[in-house]
Amino acid sequence: MARNNSPPALYRSPKANSTPKNVPLSQDEWILCLEVYLRHRGRLPKGNSREMHELSESMRRIRAALAGKPAEHFRPPYGVLRRVQEFQYLDRDPECADKKPKRACDVWNVWGEKPHATVAQIAEAIKKCIVAEEVQAVGDVHLEYNYHVVESQILTRVHTVRERNQRIVILKKEKFQDENKGRLFCEACDFDFANRYPRHGDGYIECHHIKPLSELRPGEETALDDLALLCSNCHRMVHYRRPWLDMRGLEQVLNRADAR
Ligand SMILES: [Zn+2]
Ligand SMILES: [Zn+2]
């Protein structure tokens with residue numbers, strides 16, 4: 001009997017050479033292009049330079065992380081240079097924005113005026129996390145947070161996976177209850193699900209990972225102090241706009257409401 005050595009369908013990697021050439025760049029790819037632009041603002045490297053080869057490779061990895069293995073000549077260095085040049089156009093003539101790709105403009109509007117070091121930090125975190133299994137571990141859950149946000153999809157996924165890690169979430173809730181006479185409530189606004197929805201809401205609270213996206217590194221353990229317990233409203237508000245609110249920012253917003 002002939003043996004079938006091919007792996008079960010589930011484990012087969014997505015077909016190579018199946019990626020159409022002109023797939024629009026993802027948010028993360030534009031962020032990496034902007035980083036290269038800001039690094040070489042005065043004088044861009046050539047299409048065959050080491051920088052463009054590296055950028056091309058990183059963009060292929062992003063594609064692989066978000067959508068499966070890309071075709072062989074996907075995002076070639078010369079093509080990648082043209083994307084970097086989009087930021088040169090935007091930098092020199094803001095008026096040209098309506099002729100440029102929307103995602104490039106969004107990324108430019110958020111980070112174009114920031115120091116290179118700030119963008120480099122985000123780019124570095126993306127490059128480190130591209131390879132992380134955490135990125136592949138969830139589907140498109142990041143969309144939940146991302147309606148109005150210009151943010152790295154890769155880092156958002158890592159963030160989401162970490163705050164949904166059931167083991168650590170249970171430990172966090174237990175610790176919090178130990179310290180608060182068995183109660184669970186929002187650390188920002190004190191909302192208590194068990195109070196508002198008697199019996200039905202017992203034990204419910206959401207977990208938010210407070211580490212800034214640019215500081216996420218692949219494979220690191222989430223510490224209990226990296227998590228904050230929030231009600232659904234506060235958690236949504238944290239993720240509603242870019243940059244995401246930190247706990248202090250959330251507190252200030254809530255104080256503003258109290259002061260009215
Ligand atoms: Zn709250
Ligand atoms: Zn969160």
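Predicted model: local features only at pLDDT ≥ 70, side-chain atom pairs only at ≥ 80, totals over all residues.

Me: Where is Gly42, and how far is its C-alpha atom from that of Gln88?
Reply: Gly42 sits in the loop between H1 and H2. Gly42 and Gln88 are 46 residues apart along the chain, and their C-alpha atoms are separated by 9.6 Å. Those H names go to DSSP runs numbered from the N terminus: helices are H or I with at least four residues, strands are E with at least two.

Me: What about Arg75 and Glu72: buried or exposed?
Reply: Both belong to the loop between H2 and H3, Arg75 as well as Glu72. Arg75 has 23 C-beta neighbours inside 10 Å, so it counts as buried. Glu72 has 10 other C-beta atoms within 10 Å, so Glu72 is exposed.

Me: What makes phi worth a look in Arg75 and Lys181?
Reply: Phi of Arg75 is near 50 degrees, a positive value in a residue other than glycine. Lys181 also has phi near 50 degrees, and Lys181 isn't a glycine either. Lys181 is placed in the loop between helix H9 (166-179) and helix H10 (193-196). With 6 C-beta neighbours inside 10 Å, Lys181 counts as exposed.

Me: How do you know that H8 is mostly covered?
Reply: Of the 11 residues in helix H8 (residues 153-163), 10 are buried. Among them are Ile154, Leu155, Val158 and Val161, along with Arg157 and Arg162. For the protein as a whole, buried residues make up 32% of the 260 residues.

Me: Why is H2 called roughly perpendicular to H3?
Reply: Helix H2 (residues 50-67) and helix H3 (residues 77-92) pack at an angle of about 90 degrees, with their axes 9 Å apart. That angle makes H2 roughly perpendicular to H3. The cut-offs are under 35 degrees for roughly parallel, over 145 for roughly antiparallel, 65 to 115 for roughly perpendicular, and oblique for the rest. Axes are lines fitted to C-alpha atoms, for helices over the stretch in contact, and angles run from 0 to 180 degrees between N-to-C directions.

Me: Which residues meet there?
Reply: Met52, His53, Leu55, Ser56 and Met59 in H2 meet Pro77, Val80 and Leu81 in H3. Being in contact means that the C-beta atoms of two residues, placed from the backbone, lie within 7 Å. The set divides into six nonpolar, two polar and no charged residues. Nonpolar covers Ala, Val, Leu, Ile, Met, Phe, Trp, Tyr, Cys and Pro, charged covers Asp, Glu, Lys and Arg, and the others, Gly among them, are polar.

Me: What makes H1 oblique to H5?
Reply: Helix H1 (residues 27-39) and helix H5 (residues 116-129) pack at about 140 degrees, with their axes 9 Å apart. That angle makes H1 oblique to H5. Their contact includes Ile31 and Leu38 in H1, and Val119 and Ile126 in H5. By class, the H1 and H5 contact has nine nonpolar, one polar and three charged residues.

Me: How much confidence does the predictor have?
Reply: The average pLDDT is 85, and 85% of the residues score at least 70. Over residues 6-17 the pLDDT is below 50, and beyond near neighbours in sequence this stretch has nine contacts in the model. pLDDT is the predictor's confidence in each residue, from 0 to 100.

Me: And how many helices and strands are there?
Reply: The protein has 12 helices and two strands.

Note on methods:
Residues numbered from 1 in each chain as written. Chains lettered and ligands numbered in written order. Buried ≥ 20, exposed ≤ 12 C-beta atoms within 10 Å, placed from the backbone.
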